Amino acid sequence: MPDEIRKPDIDETPRAAELPRAYCARMAREKSEAIALAPGEILLTADTSVAAGRLILGKPRDADEARSFLDLLSGRRHRVHTALALRTNDRFWIRNVESRVRLKRLSPQEIEGYIATDDWQGKAGGYAIQGPAAAFVAWMQGSFTGIVGLPLHETAQLLDAAGYSIWRSA
């Protein structure tokens with residue numbers, strides 16, 4: 001468990017022609033750089049983006065944008081990028097995790113039903129694989145926890161590299 005959760009204040013707007021993987025890594029890095037560390041602290045930041053080709057689907061601004069994201073993703077494969085940044089006072093690590101997901105072809109009723117749950121709010125691509133939208137996932141390859149937003153295997157590896165074992169005794 002983290003000792004503290006700190007929210008970085010950064011601009012999350014993609015740059016012109018920025019590719020999804022690079023965008024995600026930049027966000028994780030900028031979040032890390034925006035937070036001051038005390039001696040001995042370990043900081044973990046992450047960012048997740050959904051990519052339809054080169055198009056970055058971030059967190060929808062409203063239900064209409066979430067609806068358009070789901071319509072775009074309906075029946076097709078897309079990529080989910082999660083970048084992790086781990087920082088100590090003298091070291092920095094970054095790791096990119098890419099997963100692929102295909103949603104079934106969604107009917108207008110399914111999209112509207114999902115929008116009505118409000119589960120799309122604050123979710124990259126307008127859906128959360130760990131919620132009701134799991135019923136839409138026809139296929140996935142990669143890290144389930146990465147698609148959720150924090151790839152646990154890779155996170156444990158980075159923490160271990162920084163000298164922090166998640167299995168340490170209390």
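Asp-118 counts as partly exposed, at 43% relative accessibility. I start with this residue because partly exposed is the class between buried, under 20%, and exposed, over 50%. Asp-118 lies in the loop between helix H3, residues 108–117, and strand E5. Its phi is near 65°, which is a positive value in a residue other than glycine. Please keep in mind that what you see here is a predicted model.

Ala-17 also has a phi near 65°, again positive in a residue other than glycine. Ala-17 is found in the segment before helix H1. With a relative accessible area of 75%, Ala-17 is exposed.

The segment before H1, which itself covers residues 20–33, also holds Asp-3. Is Asp-3 buried or exposed? Asp-3 is exposed, because its relative accessible area is 84% and the cut-off for exposed is over 50%. Between Asp-3 and Ser-32 there are 16 Å in space, C-alpha to C-alpha, and the two are 29 residues apart in sequence.

Now the whole chain. How many helices and strands does the chain have? Five helices and five strands. Their order along the sequence is α-β-β-α-β-β-α-β-α-α.

Let us go through the strands. Strand E1 runs over residues 43–52, and eight of its ten residues are buried, so E1 is largely enclosed by the rest of the structure. E1 pairs with strand E2, residues 55–57, in the antiparallel sense, over three bridges.

Which way do E1 and E3 run relative to each other? They run antiparallel, and nine bridges join them. In this pairing, Ser-49 stands opposite His-81 in E3.

From E3 we move on to E4. E3 covers residues 77–87 and E4 covers residues 92–103; the two run antiparallel and are joined by eleven bridges. They form a hairpin too, with four residues between them. Ala-85 stands opposite Ile-94 in E4.

E4 also pairs with E5, residues 137–141, in the antiparallel sense over four bridges. Here Val-101 stands opposite Met-140 in E5. A general point for looking at such strands: in a regular strand the side chains alternate between the two faces of the sheet.

Last, some totals. Along the principal axes, the C-alpha atoms fill a box of roughly 55 × 35 × 25 Å.

Of the 170 residues, 40% count as buried. The chain exposes about 9700 Å², and carbon and sulfur atoms supply 50% of that area. Among contacts in the chain with a separation of 6 or more, 67% come from residues 24 or more positions apart. As for charge, there are 23 positive and 22 negative side chains, and the centres of the two sets lie 7 Å apart.

Note on methods
Residues are numbered from 1 along each chain as its sequence is written. This is a predicted model: local features need pLDDT of at least 70, side-chain atom pairs count only at pLDDT 80 or more; totals for chains, interfaces and linings use all residues. Side-chain values use heavy atoms; hydrogens and water are left out. Buried means under 20% relative accessible area, exposed over 50%, partly exposed in between (1.4 Å probe, protein chains only). Contact means heavy atoms within 4.5 Å. Accessible areas come from the Shrake-Rupley method with a 1.4 Å probe; for residues, only the protein chains shown count as cover. Lys and Arg count as positive and Asp and Glu as negative; His and the chain ends are not counted. The place of a charge is taken as NZ of Lys, CZ of Arg, CG of Asp or CD of Glu. Two strands pair if DSSP finds at least two bridges between them.
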